[in-house]
Amino acid sequence: PRCFVLPTGVTQKKKLPDGQGMQAEEDAEFVGARVEAGLRAARFSSPPSSEEFAASIEPKNVPAVFRGVLNGSAASSRWDPLHGGLDYLLEKVGPDVAVEAMMSSTGHVFYGDLRSHERVSIPFSTFMHSCKSYLGGLNAADDSSKDKGIGEEPTCSEEMCSASLENSEQLYLAQVSILNTENKERCSLEVLKEDIQEPIFLKGRPFSSINFWMSRAHMRSSTHYDPHHNLLCVVAGCKKVTLWSPSASPFLYPMPVYGEASNHSCVSIEEPDYSSYTRAKYMKEYSERVVLNCGDALFIPEGWYHQVDSDDLTIAINFWWKSRIMTEMLEHMDAYYLRRILRSSPLQVDCVYLMLLGNNIHRMNE
């Protein structure tokens with residue numbers, strides 16, 4: 001079928017190319033036992049029309065996976081690190097462009113709080129050369145393993161191991177602007193827009209931003225939600241995205257609305273403290289994991305929590321745009337909306353308060 005959802009509690013493994021067998025269970029698609037039928041991500045074998053997306057996908061505010069959205073695009077053919085993409089990006093962007101990168105103090109995991117990472121300005125060319133060195137190390141390790149036999153563990157090259165020791169703090173190009181309608185001066189990679197063709201089903205959407213994301217090595221982002229609708233498109237590599245609906249918020253322990261990174265979960269993704277966050281042990285049962293390969297795209301509605309794992313040398317772009325409710329919400333009506341919500345359940349109060357608060361903070365920053 002062109003569109004389907006995974007049954008509850010099912011793990012769907014995929015056959016890997018070149019006789020590599022099946023995906024490991026932790027890398028496969030999965031639907032938790034408590035995910036409601038109406039909240040499971042729809043999977044489309046081909047992109048929808050703009051009319052179908054506007055009428056029956058976006059209004060549901062439920063994630064959807066679209067296969068092959070970027071197939072044949074300039075970005076997917078030119079940016080692939082395994083086929084000369086790093087050299088192309090080096091030449092396209094040039095040697096003098098600086099970008100803002102995230103530097104993690106917690107290894108390959110990037111958490112939202114300021115104590116776990118800092119944003120640093122680096123030349124884009126420096127990051128590309130670092131990726132080229134890393135790719136060379138991977139190729140050398142792969143050649144070595146083939147010479148020694150498939151059954152042996154690959155050994156990293158001296159250069160690769162040295163780099164790993166010297167760079168314990170990892171860099172991640174996260175949310176580097178290609179288009180930003182609110183702050184054009186931040187668009188350090190605007191030149192890449194020439195290679196991007198917006199998906200046909202997003203035609204006419206007033207994007208607030210288009211961003212470039214790239215990992216040098218395997219990395220993990222912490223669990224968080226965004227205040228805009230989001231289409232995440234994988235240009236090269238692979239991303240595994242775990243999703244939770246806004247109704248799962250009690251199990252994710254979002255950070256306080258009055259502090260930093262209020263859209264992030266307090267729960268560690270690698271060493272969760274269930275003694276402090278007792279409900280978090282049910283997180284997996286309320287989650288769904290989708291796997292995005294080159295060309296695939298994922299619609300993540302505003303307010304949906306997501307945690308992303310990226311493979312080595314994975315490149316993605318994303319499109320952010322305001323939802324209809326946020327576009328039509330009038331500032332002079334906020335007090336009325338809050339009074340109505342205060343008569344609802346505490347969970348609804350918390351979710352909508354977060355939305356209204358974020359909306360007002362955004363207005364103040366304009």
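Asp296 and Arg67 are both buried in this predicted model, and the two residues form a salt bridge whose closest N and O atoms lie 2.9 Å apart. The pairing spans 229 residues of sequence, from Arg67 in the loop between β5 and α2 to Asp296 in the loop between β14 and β15 (297–300). Side chains of opposite charge can pair when their charged atoms come close.

Arg67 has another partner, Glu29, which it meets in a salt bridge of 3.1 Å, N to O. This pair again links distant parts of the chain, with Glu29 in strand β3 (residues 29–31) and Arg67, 38 residues away, in the loop between β5 (64–66) and α2 (74–78). Arg67 has a relative accessible area of 18%, and therefore counts as buried under the 20% limit. Glu29 is buried with a relative accessible area of 0%.

A further salt bridge joins the side chains of Arg43 and Glu288, at 2.8 Å from N to O. Here the partners are 245 residues apart: Arg43 belongs to strand β4 (residues 42–44) and Glu288 to strand β14 (residues 288–293). Both ends are buried, Arg43 at 1% relative accessibility and Glu288 at 3%. Taken together, Glu29, Arg43, Arg67, Glu288 and Asp296 are linked in a network of salt bridges. The whole structure contains 14 salt bridges.

Leaving aside neighbours within four places in sequence, Phe66 is in contact with Phe44, Pro48, Phe53, Ile57, Phe201, Leu231, Gly295, Asp296, Ala297 and Phe299.

An α-helix has 3.6 residues a turn, so residues three or four places apart point the same way. After α3 comes Gly94, with a positive phi near 95°.

Strand β11 (residues 219–221) contains Ser221. Ser221 has a relative accessible area of 12% and is therefore buried, the limit being 20%. Beyond residues up to four places away in sequence, Ser221 touches Phe110, Ile269, Gln307 and Val308.

These details belong to a chain with nine helices and 17 strands. Of its 366 residues, 46% count as buried. Among contacts between residues at least 6 apart in sequence, 76% join residues at least 24 apart. The accessible surface of the chain comes to about 18500 Å², and carbon and sulfur atoms account for 52% of that area.

How values were computed. Residues numbered from 1 in each chain as written. Predicted model: local features only at pLDDT ≥ 70, side-chain atom pairs only at ≥ 80, totals over all residues. Heavy atoms only, no water. Helix = DSSP H or I, 4+ residues; strand = E, 2+ residues; numbered from the N terminus. Buried < 20%, exposed > 50% of the residue type's maximum accessible area, 1.4 Å probe, protein only. Contact = heavy atoms within 4.5 Å. Areas by Shrake-Rupley, 256 points an atom, 1.4 Å probe, with all protein chains shown as cover. Salt bridge = Lys/Arg side-chain N within 4 Å of Asp/Glu carboxyl O.
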